[in-house]
Amino acid sequence: MIYRETGNFVTNYFKDREIFPMKFDKVVVILGLLFLFLYVPTTSEYFLSAHVIPILAVGLATVGLNILTGLTGQLSLGTAGFMCVGAFGTYNLMLRVPDYLMSLPVALLLSGIFAGLVGVVFGLPAIRIKGFYLLVSTLAAQYFVWWFFNSYAWFLNYESSGVVAIAPKFYDYWGLGNLLGVDMQGYPARYLLSLVVCIGLSYFAKNLLRSNTGRNFMSVRDRDIAASVMGISVPKAKLLAFFISCFYCGVAGGIYSFLYIGNVDLMIYEVDRSFTILFMLIIGGLGSISGSWLGAIFVYEFPIVFTWIGDFIFQGAFNTAVVENVSNMVYGVFIIALLIREPGGFAALWATTKQKLRMWPYPH
Amino acid sequence: MDWVYLIEVLVGGLMSGVMYSLVAIGFVLIYKSSGIFNFAQGTMLLFASLTFVKMTENGIDFWTALFIAAGIMVVFGVVTERYVIRPLANQDLLALFMATVGLATFQEGFSQFIWDSDVHGLQMSKFLDIGLLDPAPIFMSDHIPWLDILIPKFDIFASLVAGSLIVVLAFFFQKTKTGLSLRAVSDDHMAAMAVGIPLQTVWAVVWAVTGIIALVAGLLWAERVSVSFTLIEAVMKALPVILIGGLTSIPGAIVGGLVIGVGEKLGEIYLADVFGGQGIELWFAYFMALMFLVFRPQGMFGEKLIERV
């Protein structure tokens with residue numbers, strides 16, 4: 001009823017290319033942003049630390065994987081490895097560069113670039129190897145990175161336990177917190193930083209999708225030989241996709257370690273996490289930025305909600321093993337069912353809903 | 001250089017290579033017949049061996065348990081074909097791959113949900129009176145005086161099983177009518193359907209056979225390592241194996257397994273110092289496969305791809 005194109009007149013070409021062409025969408029987006037920036041930081045520390053920030057971190061990694069797999073068609077199982085590069089990169093930049101030169105946002109950015117470069121190195125075989133054969137390259141990245149940080153204790157500042165807690169002074173932001181009188185280590189501040197990064201990078205990704213580069217990526221995905229015949233440099237497109245994707249994953253790793261758990265721990269970047277992020281991508285829908293976020297929310301929240309149901313309805317009948325197994329079963333069923341029924345994942349379901357709303361009450 | 005030590009390392013590598021090959025065969029079988037990269041191979045191993053072990057632990061005797069487990073794997077294969085693969089026929093291969101990732105996830109949860117997540121040991125010598133299952137190793141010095149190495153009898157048993165599997169499968173693929181239709185299907189789904197090959201039946205057969213291979217491989221892995229979710233990682237190790245061998249070649253799976261097995265052991269011993277750390281076994285296999293693929297992108301015995309727009 002209110003979701004109508006009526007009255008939305010496009011009067012110039014610039015308006016024709018807007019991300020949200022409808023007035024209703026614009027209002028919803030602005031209200032949503034106000035909600036995210038003004039209301040969510042005032043909710044409880046627990047809600048921010050256990051739900052919102054981790055979703056922002058893994059969702060960003062999903063967006064990164066989406067650029068590589070969904071957009072460019074290069075399968076990757078090394079997501080967690082690239083996140084690991086980002087986390088360790090951020091830590092070492094903060095630790096070893098003098099404080100007056102380095103601050104967390106800068107470190108995140110630089111370690112993202114570093115992760116991107118590592119991604120390019122492991123993406124080099126993609127020039128010659130195609131399809132499933134490429135899995136071996138990304139798995140090599142995953143295992144090599146993990147082993148590398150495990151073997152060279154320098155990167156963990158010789159911490160024997162393998163986990164290093166992040167010192168409070170790293171949340172200094174050049175004294176910004178003191179200046180404003182805000183606790184920058186507190187969860188609201190952490191949340192706002194990750195939110196700004198995630199919204200900025202999602203916006204960039206969304207525009208990448210609509211740009212010349214994004215269309216090059218998609219043509220490589222759809223048929224690389226045809227793309228090269230049309231004059232698109234396939235190696236360049238693939239390597240650029242690796243760089244951008246791994247940049248996202250690196251930043252996501254930095255956010256995960258610094259803004260969510262507050263320590264740098266190798267164990268959370270094992271190959272399992274690569275798979276979890278792949279699930280998020282498939283369930284959310286390949287090639288859609290909003291889908292990546294929906295998938296991340298679903299996959300991250302399901303075990304929590306399921307435990308909660310167990311606690312309240314069945315008096316804590318589900319132990320962690322049951323929750324994990326049932327979650328895995330549900331992810332599996334969702335992946336298969338969505339692939340059969342709706343290959344576009346949650347994003348396609350959402351698009352269908354919007355289309356239906358636009359047409360309502362007419363069927364077509 | 002210590003030659004005896006080198007031989008011991010080589011033998012050890014060959015034996016672990018055989019174990020990788022066992023997993024790889026199942027992969028290749030499905031890829032060859034349907035072009036599907038079956039990521040669920042590792043969880044099939046887990047499901048099969050866990051089902052078997054739980055039954056024997058509950059007092060069912062060896063052969064009955066083996067029979068029932070094989071039956072369950074066949075049913076599972078047929079159900080998979082009916083409800084996962086068939087609706088996705090003629091989809092692009094990435095979608096089918098992701099479906100098997102979903103299948104693997106489901107199966108990982110399912111097998112540990114209905115049984116349990118504990119680590120189970122398996123000792124087949126308790127059930128079977130075969131000399132080769134005796135835990136005592138063979139002392140080679142008894143036979144060849146200067147060769148002072150140990151060979152576990154079980155490894156020989158595993159190699160024999162793998163070898164006979166290859167022979168049976170090679171016969172099946174090359175000489176039987178089903179094998180011929182399998183090869184046709186792997187070439188082109190549509191064309192095979194057009195000439196009247198019953199795609200569904202063929203795939204159901206393949207998935208059932210793969211289930212049984214997974215049971216055999218699972219039992220051997222269980223005896224050598226144990227039954228737990230770490231069996232799923234067998235699939236990760238089998239990846240470089242099939243990629244080196246070529247996705248479509250069963251002999252390739254064997255050769256690839258042996259190359260990876262030996263290369264990994266030699267790498268760990270002679271190259272670990274170069275990289276300044278232990279445990280390069282973790283990633284060395286992938287690098288070997290990568291180096292190999294850069295020079296021969298279709299693997300050792302894989303069919304050379306001719307691509308058209």
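Of the 309 residues of chain B, what percentage count as buried?

Tutor: In chain B, 47% of the 309 residues count as buried, where buried means that 20 or more other C-beta atoms, placed from the backbone, lie within 10 Å of the residue's own, exposed means 12 or fewer, and partly exposed is what falls in between. This is a predicted model, in which local features need pLDDT of at least 70 and side-chain atom pairs count only at pLDDT 80 or more, while totals for chains, interfaces and linings use all residues. Residues are numbered from 1 along each chain as its sequence is written, and chains are lettered from A and ligands numbered from 1 in the order in which they are written.

Let us begin with the chain as a whole. Chain B contains eleven helices and two strands, these being DSSP runs numbered from the N terminus, with helices (H or I) of at least four residues and strands (E) of at least two. Read from the N terminus, the order is α-α-α-α-β-β-α-α-α-α-α-α-α. The radius of gyration of chain B, taken over C-alpha atoms, is 20 Å, close to the 19 Å that the globule rule (2.2 Å times the number of residues to the power 0.38) gives for 309 residues, so chain B is as compact as a globular protein of that length. Along the principal axes, its C-alpha atoms fill a box of roughly 65 × 50 × 40 Å. Two residues are in contact if their C-beta atoms, placed from the backbone, lie within 7 Å, and among the contacts in chain B between residues at least 6 apart in sequence, 75% join residues at least 24 apart.

We can now turn to one pair of helices. Helix 1 (residues 3-34) and helix 6 (residues 177-187) of chain B pack at an angle of about 70°, with their axes 5 Å apart; the axes are lines fitted to C-alpha atoms, for helices over the stretch in contact, and angles run from 0 to 180 degrees between N-to-C directions. Helix 1 and helix 6 of chain B are therefore roughly perpendicular to each other, since 65 to 115 degrees counts as roughly perpendicular, under 35 as roughly parallel, over 145 as roughly antiparallel and the rest as oblique. In this contact, B:Lys32, B:Ser33 and B:Ser34 of helix 1 meet B:Leu182, B:Val185 and B:Ser186 of helix 6.

Further along is helix 10 (residues 250-270) of chain B, which holds B:Glu268. Helix 10 of chain B is mostly covered, with 15 of its 21 residues buried. B:Glu268, however, is partly exposed, because 17 other C-beta atoms lie within 10 Å. Leaving aside neighbours within four places in sequence, B:Glu268 is in contact with B:Ile280 and B:Glu281. The C-alpha atoms of B:Glu268 and B:Ile280 are 6.1 Å apart, although twelve residues separate them along the chain.

Finally, B:Ala208 lies in helix 8 (residues 199-224) of chain B and is buried, because 20 other C-beta atoms lie within 10 Å. Not counting residues up to four places away in sequence, B:Ala208 touches B:Val74, B:Gly77 and B:Val78. From B:Ala208 to B:Gly102 there are 106 residues in sequence and 19 Å in space, C-alpha to C-alpha.
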